[in-house]
Amino acid sequence: MLAYLGRRKGLRFSTATWRFVRGVSGVAETTAKERVDTIVIGAGVVGLAVARELSLRGREVLILDAASSFGTVTSSRNSEVVHAGIYYPPNSLKAKFCVRGRELLYRYCSEYEIPYKKIGKLIVATGSSEIPKLDLLMHLGTLNGVSCLRMLEGFDAMRMEPQLRCVKALLSPESGILDTHSFMLSLVGEAENNHTTFSYNTVVLNGRVEEKKMHLFVAETGLCEAEAQLELIPSLVVNSAGLGAQALAKRFQGLHHRFVPSSHYARGCYFTLSGTKSAPFNKLVYPIPEEGGLGVHVTLDLNGLVKFGPDVEWIEGTDDQSSFLNKFDYRVKIHRAEKFYPEIRKYYPDLKDGSLEPGYSGIRPKLSGPKQPPTDFVIRERRLMEFQVLLISLASNHLV
């Protein structure tokens, strides 16, 4: 809430006026201005981790989120899988961040007693035509520094998982699962202990770069989004607005659009397995990746619930104003299971009719859209990195 921003000790705001003078356009001509040290936009898992790290390094952090709590969008709509770093092009940012991030994540979970299990993953080839693709994944994972990868013949994999059917499989012992909500709760607590201030129901409308300073215009979610209620001038700003990050960056005057990656989004649905006394698998089971995703795969949560998904449904017609907050219907309709059964039965032939129940869905940002060749992957990644570094370093003489 905006009214909360000045209450915490240490946030030394200047005297603010909440009286707005409207011009002929209906937009406030005078808006309260406040100078702050560091702003993190978005209280998803990335924003929380960034806020925690910056606060540990002595920054005075204010984290803004348009929702009423933390982690309400992508961070709470995922498979809760800790990936090993197999799928990404060698030397790419995603490969480096995934491998290093996985190590740090497991270490953090152990230190702060976050529930997790390193249960391992099998990527399976269900036909001989898929074996070359599996060999490529083994090669990529090895180049990326993923340890303990092992290629298995089909009978060895099926000995591990009797319900599985495949001709060959790649075993990744480093893959695992974790409790994402407990992880985010821990990050929130760590950040708050280091004097991070949270302001929920606060939307960043737009911004501008002025004399090497970022000016952010914010309002209370759902009330006055047509005009800013407060102008915040931070020394450091991090845009971790998730699905809305690119759209928000395009509304920053003075930030060249060449720094903003193109926007592509895909919705994925999950179904849960019912009617079984015990889980058919002990490990994660993934098919060969498909366009836009990793295929309809098997994941387990820490309570033993078996989930299948996600599928890939490209979202068309998103506009630059989209915040994704309460805009999309996340309900999973039962008829979508019709496409799940044949995909799952390629590696789990004993799946019974009627055993899939609607679970949940989520939306993912993608580096490329449907049918778009990934030939400019390195260029897009470089632009993504430039975009992130620019936003982090704006109005700051050095990176923290």
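**A sheet and its salt bridges**

Guide: In this predicted model, three strands make up an open sheet in the order β5-β10-β6, and their pairing is antiparallel. The edges are taken by β5, residues 81–82, and β6, residues 116–117, each of which has a single partner strand, so one side of each is left without a neighbour in the sheet. If you follow β6, you will find that this strand pairs with β10, residues 176–178, in the antiparallel sense over two bridges, and that Tyr116 stands opposite Leu178 in β10.

From the sheet we can turn to the charged side chains. Side chains of opposite charge can pair when their charged atoms come close. The structure holds 16 salt bridges, and one of them joins Arg102 to Glu174, with the closest N and O atoms 3.4 Å apart. Arg102 belongs to helix α2, residues 93–111, while Glu174 lies in the loop between β9, residues 168–172, and β10, so this pair ties together parts that are 72 residues apart in sequence. Both partners count as buried, because a relative accessible area under 20% is the cut-off for that word: Arg102 has a value of 4%, and Glu174 has a value of 14%.

A further salt bridge is formed where the side chains of Glu313 and Arg267 meet, at 3.2 Å from N to O. Here Glu313 is part of strand β20, residues 313–315, and Arg267 is part of strand β16, residues 265–273, so the pair ties together parts that are 46 residues apart in sequence. Glu313 is partly exposed, with a relative accessible area of 31%, whereas Arg267 is buried, with a relative accessible area of 11%.

Asp329 and Arg331 also meet through their side chains in a salt bridge, with 2.8 Å from N to O. In this pair Asp329 is partly exposed, at a relative accessible area of 38%, and Arg331 is exposed, at a relative accessible area of 62%. Salt bridges can also be linked to one another through shared partners, and in this way Arg52, Glu53, Arg57 and Glu190 are joined into one network.

To return to where we began, the strand β10 is paired with β6, and the loop between β9 and β10 holds Glu174, whose salt-bridge partner is Arg102.

How values were computed. Residues numbered from 1 in each chain as written. Predicted model: local features only at pLDDT ≥ 70, side-chain atom pairs only at ≥ 80, totals over all residues. Heavy atoms only, no water. Pairing = 2+ DSSP bridges. Helix = DSSP H or I, 4+ residues; strand = E, 2+ residues; numbered from the N terminus. Salt bridge = Lys/Arg side-chain N within 4 Å of Asp/Glu carboxyl O. Buried < 20%, exposed > 50% of the residue type's maximum accessible area, 1.4 Å probe, protein only.
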